[in-house]
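Subject: Structure for you to look over

Dear colleague,

I am passing on the structure below, followed by some notes on what turned up when I went through it. Please read them with the model open beside you.

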Amino acid sequence: MTTRRAVIAGGGIGGLACGLALARNGWDVEVLEQAPQMTEVGAGLQISPNGMAVLERLGVVPLIEDALFEPEAIELRMGRSNRRVFRLPMKGYAQDRWGQRFVQIHRADLHNGLLQALRAQATARVRTNAKITGYVRERGGASVYLERGDRVFGDVLVGADGVRSVIRNQMNGADRARFTGQVAWRTVVPVAALGDDAPPPYGVIWAGRGKHAVTTRVRGGSHVNFVGIVEQNDWQEEGWSIPGKREDALKDFGDWQPCLTSVLRASEGMFRWALFGRPPLASWCDGPVTLLGDAAHPMLPSMAQGAVMALEDAVVLADELEHTSDISQALLRYEGGRKPRVTRVQDRSARNARMFHQRSMLGQLMTYGPMAIASRLSVTTVHRQQDWIYGYKSDG
Ligand SMILES: Cc1cc2nc3c(=O)[nH]c(=O)nc-3n(C[C@H](O)[C@H](O)[C@H](O)COP(=O)(O)OP(=O)(O)OC[C@H]3O[C@@H](n4cnc5c(N)ncnc54)[C@H](O)[C@@H]3O)c2cc1C
């Protein structure tokens, strides 16, 4: 078979992972990224065992090992009182049960690891300053148009261009984004800047009335990552890098635990953005063109699975394209295989967002009571509930 050529729209986590998976299978790959440089924003990611399985398969783990932090546990606590609702042990348990670690990492470190691995592939290239404006299907493949005027052809075109995907909009019509009524905060600060008031070195979900926060450790444990999500209707800008004011973040979380307010006070840059929901797409495929990651299935961050789903997509897509010359059929099999799983994760993410925001005492009792009892009675039972998500293996 002659070397096949893949064009990938977008050099985020999904696009790079897909490029890497295809290049490792012998494809000639070009990743087109609109940004002038390959950089990622300062924020943390939790990578569950199903995501680590993909990174190991792609040979990325040794490249990011020093940047990983493996928390002892994931906890749910009340943001104001610090009362612990449940604790799910992770360190050691995750490896035993799901075959991989549950880790936390800075997005930039994961992005760098993927980029390094991709650049080590002789048949892969990354082009920056390459903003795509649309695509056209042609005989034997598809071409994208770049804002600068070029046209780039591939036997397959993968739209990994994120939540506001140009490829998706052309394929499925205008984006039907709906504001969720939730606004997110994010910041990363060095642990050393927090004195005795650092959040515990676990993954902690802090719940409260109409809001929740998550604290994790990144950069090998040396930095705290804070994400806060607040129900709020008067602010609707969507974008990762919109600066927010510390005073406003303190208005939202000022009466929560000192280990959280200390992070906000020590922050040298807060970012704030509105969260939008998008209904599942009718189709991810248009002949030799498909979608991947947030472009295909954007989700709320409340299950910490968006990047992990993009990683899974990447290897499943590469597997489907292996040993076949019928690209359109392979893409349909990829969509059919992935859709039920990602739709379930999208639904759960939306449900979690509501669960962490219980406003009434009764609501809190009804929601958190059974969780508290279950985690005290049997850790195995709670772990078992995560099997469908963390135990997934892309290679069967
Ligand atoms: C607060 C928050 C916390 C999160 N935490 C987690 C977590 O803990 N774990 C987890 O797994 N996920 C998490 N996620 C989700 C995760 O960040 C996303 O799902 C993931 O980044 C999606 O990757 P992607 O490659 O599909 O899209 P993106 O990361 O958005 O990458 C898309 C790329 O395409 C480029 N692009 C866009 N348009 C064009 C164009 N026209 N031409 C060329 N290039 C273009 C962009 O510049 C970008 O580089 C979180 C999300 C949020 C908001």
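I would start with Glu70, which is buried (under 20% relative accessible area, with exposed meaning over 50% and partly exposed in between, for a 1.4 Å probe and protein chains only) and yet has no salt bridge, a salt bridge being a side-chain nitrogen of Lys or Arg within 4 Å of a carboxyl oxygen of Asp or Glu. The nearest side chain of opposite charge is that of Lys91, 4.8 Å away, where Lys and Arg count as positive, Asp and Glu as negative, and His and the chain ends are not counted. Glu70 sits in the loop between α3 (61-64) and β4 (73-78); helices (H or I, at least four residues) and strands (E, at least two) are DSSP runs numbered from the N terminus. Leaving aside neighbours within four places in sequence, Glu70 is in contact (heavy atoms within 4.5 Å) with Lys91, Gly92, Arg101 and Phe102.

As to the basis of all this, the model is a predicted one, in which local features need pLDDT of at least 70 and side-chain atom pairs count only at pLDDT 80 or more, while totals for chains, interfaces and linings use all residues. Residues are numbered from 1 along each chain as its sequence is written, and side-chain values use heavy atoms, with hydrogens and water left out.

Salt bridges do occur elsewhere, and the structure holds 24 of them. Arg57 and Asp319 form one, with 2.7 Å from N to O; this pair links distant parts of the chain, since Arg57 belongs to helix α2 (residues 49-57) and Asp319 to helix α9, 262 residues apart. Arg57 is partly exposed, at a relative accessible area of 31%, and Asp319 is also partly exposed, at 30%. Another salt bridge pairs Glu335 with Lys339 (2.8 Å, N to O); these two are four residues apart in helix α10 (residues 327-355), and are therefore separated by about one helical turn. Glu335 is buried, with a relative accessible area of 9%. Salt bridges that share partners also join Arg5, Asp28, Glu30, Arg125, Arg127 and Asp150 into one network.

Helix α9 is mostly covered, with 13 of its 16 residues buried, and just after α9, His323 takes a positive phi of about 60°.

Among the strands, six form an open sheet of mixed pairing in the order β7-β2-β1-β11-β19-β18, where two strands pair if DSSP finds at least two bridges between them. β7 (124-127) and β18 (285-286) stand at the edges with a single partner strand each, so one side of each is left without a neighbour in the sheet. β18 runs antiparallel to β19 (residues 289-291), to which two bridges join it, and Cys285 has Thr290 as its bridge partner in β19. Elsewhere, strand β6 (residues 103-106) is covered on both faces, Val103 and Ile105 being buried on one side and Gln104 and His106 on the other. Four bridges join β6 to the antiparallel strand β3 (residues 44-47), with Ile47 partnered by Val103.

With best wishes
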